[in-house]
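Thanks, everyone, for making the time; I would like to walk through one structure with you this morning. Please have the sequence and the coordinates open as we go.

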Amino acid sequence: MTEAEATLPIVGHWIDGADYASSSGRTAPVYDPALGVATKRVALADGAEVDAAVASAKAAFPAWADTSLARRQAVVFRFRELLDARKQELAEIITSEHGKVLSDALGEISRGQEVVEFACGLAHHLKGEFSEQASTGIDVYSIRQPLGVVGIISPFNFPAMVPAWFFPIAIAAGNTVVLKPSEKDPSAALWLAQLWREAGLPDGVFNVLNGDKVAVDGLLEHPDVRSISFVGSTPIARYVYENGTRNGKRVQALGGAKNHMLVLPDADLDLTADSAVNAGFGSAGERCMAISVVVAVEPVADALVEKISERIATLKIGDGRRGCDMGPLVTREHRDKVASYIDIAVADGASVVVDGRDVEVDGEASGFWLGPTLIDKVPTSSRVYREEIFGPVLSVVRVPSYEAGVELINSGAFGNGTAIFTNDGGAARRFQREVQVGMIGINVPIPVPVATFSFGGWKDSLFGDTKAHGAEGVKFFTQLKAVTSRWLDPSHGGINLGFPQN
């Protein structure tokens, strides 16, 4: 740590409804990616601070679970109104630590707000079932009750939206939350915590625990944490799932992706090129739902590559606060890793059509820049094709037929999102049935479902059997209880030690 970094402000925790100064003595730098300099440091929790956050949530749970559903939803609704009024504030925080442009940050917040709005109507989704006279004089019914303390571990690329996939439903259902945001951009979580307090959420219901692997392992192993919701890379998702379930927790762990866009010869190539650029380079490609591979069914590849190249040339790359189209990557190390794939592509015989390392930017030279990169004729044996790059690198793979394209998609390890671009309704319907992927877009490049549906992939893109938000989110954050009831009348009687029968 330099002398200058030692004087930077510290981002601490939020525990029991207030800022919580860390005493662990461990910190990590938080950068402004467009400037390339650290602007603050984030506290990294130790075991005692994990215990303090969980204890706060555990102490708050009985009263919050006992609060009427109507009152809980009223708090969620007030949170929604405050978030809507002040989302520009949050967007500026996100841009300053993640680097995405302000319009992209505002879009992230709006998509997270959809889940908040879904949670405002959670009463409908918490209704149980009732069977009268299931046996003579006996009624059977079911009720949904909260779990207790739930942990959320979120990634750097969506510091507001991804936590919001989980905490509105968890809180509305009566749970208490410990959120561990990414240490790369932690301030959004603290801002959200303060907004919850302003909305009237009782102390301890929503806690923020900043940290690294120590905090993650602490939540995975803590006996008072009932569930874990995670979004991140596939290796870490697998780790979270295996260790969380080993410790008796419910786990939903959403992993990585390698999303394909299948382009049929009858597709509108202008719409397709627009969509490939938007989905490939928005948020500098740091999206698990980014399109990273265009699968072009010949003979359209040459024309499509040309159209994509033309559009890339019009993009303005630079500081997200200057009205640019695409900002920097989140850290210098990540930028360098993503850029290394361009050299791999060349070594593997691919054709680099647009090299993002040559980009001119509207920003400080020290920022973590890498421009949109387009690589054609990528061999499917190349790491450029097989690995999740998580940056602004768009690959083009050419195939001879629809069948070859679907076989290529289905042979991959991931199954997060995919899209088909075509004007043939029969081909689109066939695609949605045959492709082995959890979320599908038909002429829609980023098929993230609205909050009333559930988000999550297949194969190595999801560990656990429950997806995020929607009906599956409600099920994840509640436990089902069945009640068998009999109110005796004067005609009852008799002892019978046999097994109960209808």
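I will talk about a pocket and then about some aromatic pairs.

Please keep in mind that this is a predicted model. Let me begin with the largest pocket, which holds about 920 Å³ of space, and whose lining is made up of 32 residues, with F156, K184, G232, S233 and I236 the closest to its centre. If we sort that lining by class, we find 14 nonpolar, ten polar and eight charged residues. As for where the lining comes from, at least two residues are supplied by each of helix 8 (213-221), strand 11 (225-231), helix 9 (234-246) and helix 12 (332-347).

Turning to the aromatic rings, the count comes to twelve aromatic pairs, and I will take two of them in detail. In F130 and Y141 the ring centres lie 5.5 Å apart with the planes at 10°, and since planes under 30 degrees apart count as stacked, so does this pair. F130 belongs to strand 6 and Y141 to strand 7, so the pair ties together parts that are eleven residues apart in sequence. F130 is exposed, at a relative accessible area of 55%, whereas Y141 is partly exposed, at 28%.

The second pair is W165 with F455, where the centres are 4.2 Å apart and the planes stand at 35°, so the pair is tilted. Because W165 sits in helix 6 and F455 in the loop between strand 22 and strand 23, this pair ties together parts that are 290 residues apart in sequence. Both W165 and F455 are buried.

Finally, F79, F167, W196 and F206 form one aromatic cluster.

Conventions
Residues are numbered from 1 along each chain as its sequence is written. This is a predicted model: local features need pLDDT of at least 70, side-chain atom pairs count only at pLDDT 80 or more; totals for chains, interfaces and linings use all residues. Side-chain values use heavy atoms; hydrogens and water are left out. On a 1 Å grid over the protein atoms alone, a cavity is a set of points where a 1.4 Å probe fits but cannot get out, and a pocket is an open set with protein on both sides within 12 Å along at least five of seven lines; lining residues have an atom within 4 Å of a point. Grid points are joined across faces, edges and corners, and a volume is the space filled by probe spheres set on the points. Helices (H or I, at least four residues) and strands (E, at least two) are DSSP runs, numbered from the N terminus. Ala, Val, Leu, Ile, Met, Phe, Trp, Tyr, Cys and Pro count as nonpolar, Asp, Glu, Lys and Arg as charged, and the others, Gly among them, as polar. Rings of Phe, Tyr and Trp (its six-membered ring) pair if their centres lie within 6.5 Å; planes under 30 degrees apart count as stacked, over 60 as edge-to-face and the rest as tilted. Buried means under 20% relative accessible area, exposed over 50%, partly exposed in between (1.4 Å probe, protein chains only).
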